[in-house]
Amino acid sequence: MTSTATTLLSDALTAEQEKILACVHCGLCLEACPTYVATGDENDSPRGRIYLMRAVKEERLAVDSLAFESHIDRCLGCRACEAACPAGVEYGGLLEAARDEIASNGGRVTGTYRLLKFVLRHVWLQPKRLWAAFAFARVLRDLRLPKFMLRTRIARGISPRFEFALALLEGSRDYGIARVSERDSTAKRPMHRRQDAGTPNGAPVLLFKGCVTEGLFKRVNEATKHVLEVNGCATQSPDAQVCCGALHAHAGDLEGARTLARQNIDAFENDVPIVTNAGGCGAMLVSYAHLLANDEKYAARARAFSERVRDIGQQLQVMAFRNGSSIGFERTTYDASCHLLHGQHAVDASLGMLWAIPQLNFALLNGSDVCCGGAGVYNLLEPELSQAVLHEKLKHIKESGAEVLVTGNPGCQMQIAAGATLARMKLKVCHPVELLDESYARAGFYDSNENSREITEI
């Protein structure tokens with residue numbers, strides 16, 4: 001192994017040396033780690049993976065060894081270990097550095113990993129190609145082709161991995177949460193807003209749409225705009241924004257993530273809050289300061305950018321937002337997105353959107369703070385381990401008796417919905433802002449005159 005091959009990982013470990021050496025080997029991270037709980041293998045725990053990283057740094061283990069690659073790749077990256085660690089080891093940064101090292105040395109050579117590398121490099125970095133890919137996926141979904149292939153078991157006959165991929169796409173469909181509001185007519189149905197809005201045109205915020213959210217969950221972005229505007233925010237979305245870079249960072253392509261980060265920093269060149277509705281995107285956006293810390297041109301701007309990022313729940317919490325009306329919904333439960341929980345620390349604020357809905361039939365979910373096994377495209381790269389983690393999540397959902405599950409990340413929505421579909425569970429999956437939007441519609445906060453384009457005071 002050459003010295004060049006260990007440079008990035010060695011630098012990352014050196015930066016965290018004091019925190020790593022402060023580890024008292026208490027093992028608190030073990031039970032917090034979903035992969036360790038599923039396998040019982042110490043190498044599939046945060047402590048075990050850090051041992052492997054140190055072995056590579058000290059040149060006792062080759063970076064291209066099967067043990068290093070496999071156990072690093074099998075990590076979900078949920079960062080639950082960070083919350084459990086008394087020594088404050090920032091494991092997420094170490095994991096991304098380790099994966100970048102693996103990728104720069106060729107990484108795995110399986111067909112799936114080659115396809116991922118190709119898509120991230122030649123599709124995700126090209127906005128027009130990415131838009132076309134999502135447009136094609138929407139056409140397939142809206143034609144109900146995935147549903148047909150799942151019901152007839154044609155997809156399973158091709159391969160279990162293909163079946164789950166189709167179930168993920170099917171899981172992005174609209175479950176009909178909205179009954180009163182018509183999200184597709186947003187341009188025709190303006191909002192009422194608060195009388196105490198900060199300025200005559202509302203307090204400005206910039207909405208980060210997200211590639212997956214805008215591509216497959218546009219209704220969530222529309223609901224976010226509705227809710228923000230009814231609470232006095234003038235919402236805009238810069239046209240030049242691109243993917244947040246989370247998939248690249250998780251796959252070890254840190255340079256690709258930096259490329260996207262720079263484009264977003266340029267697109268959001270302003271001093272107003274940046275609002276997200278996707279936990280994965282939000283956690284990535286707040287990490288731009290760390291990602292571009294060594295970039296002389298962007299380091300300061302990245303810090304300022306990250307400080308402006310807020311989840312939709314956090315933004316509403318700051319504004320002391322309005323309560324809506326009862327929606328008379330089925331029993332509902334909440335699952336915390338890992339990155340919303342451990343990256344943005346915004347779960348309480350996200351739950352606040354549900355508390356604003358009177359008489360909501362809410363049930364607590366056991367293990368709501370445990371990963372669902374989605375983790376970007378982990379469910380397709382490590383299907384067996386992902387399914388083991390998902391199985392536990394579905395078991396707890398069944399025990400809660402809930403028919404509606406809300407969560408603040410599109411990847412989690414698709415993962416849980418896909419698992420429920422294949423398990424023949426009666427479950428609707430949505431974002432909390434969708435329920436709040438419906439609650440506002442029932443409260444009469446939206447103009448019923450679709451031909452009017454003026455914002456009306458109430």
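Mentor: In this predicted model, Thr224, Val227 and Leu228 of helix H15 meet Ile312, Gln315, Leu316 and Met319 of helix H21.

Trainee: Why is H15 called roughly parallel to H21?

Mentor: The axes of H15 (residues 218-230) and H21 (residues 312-319) cross at roughly 10° and come within 11 Å. Angles under 35 degrees count as roughly parallel, and therefore H15 is roughly parallel to H21.

Trainee: Why are H21 and H23 called roughly perpendicular?

Mentor: H21 and helix H23 (residues 347-355) pack at an angle of about 70°, with their axes 7 Å apart. The class of roughly perpendicular runs from 65 to 115 degrees, so H21 and H23 belong in it.

Trainee: Which residues make that contact?

Mentor: From H21 there are Ile312, Gly313, Gln314, Leu316 and Gln317, and from H23 there are Ala349, Ser350 and Met353. By class, the contact of H21 with H23 has four nonpolar, four polar and no charged residues. Gly counts as polar here.

Trainee: How do you know that helix H6 is largely enclosed by the rest of the structure?

Mentor: A residue is buried when its relative accessible area is under 20%. In H6, the residues that are buried are Phe68, Glu69, Ser70, His71, Ile72 and Asp73. That is six of the eight residues of H6 (residues 66-73), so the helix is largely enclosed.

How values were computed
Residues numbered from 1 in each chain as written. Predicted model: local features only at pLDDT ≥ 70, side-chain atom pairs only at ≥ 80, totals over all residues. Heavy atoms only, no water. Axes fitted to C-alpha atoms, helices over the stretch in contact; angles between N-to-C directions. Helix = DSSP H or I, 4+ residues; strand = E, 2+ residues; numbered from the N terminus. Parallel < 35°, antiparallel > 145°, perpendicular 65-115°, else oblique. Contact = heavy atoms within 4.5 Å. Buried < 20%, exposed > 50% of the residue type's maximum accessible area, 1.4 Å probe, protein only.
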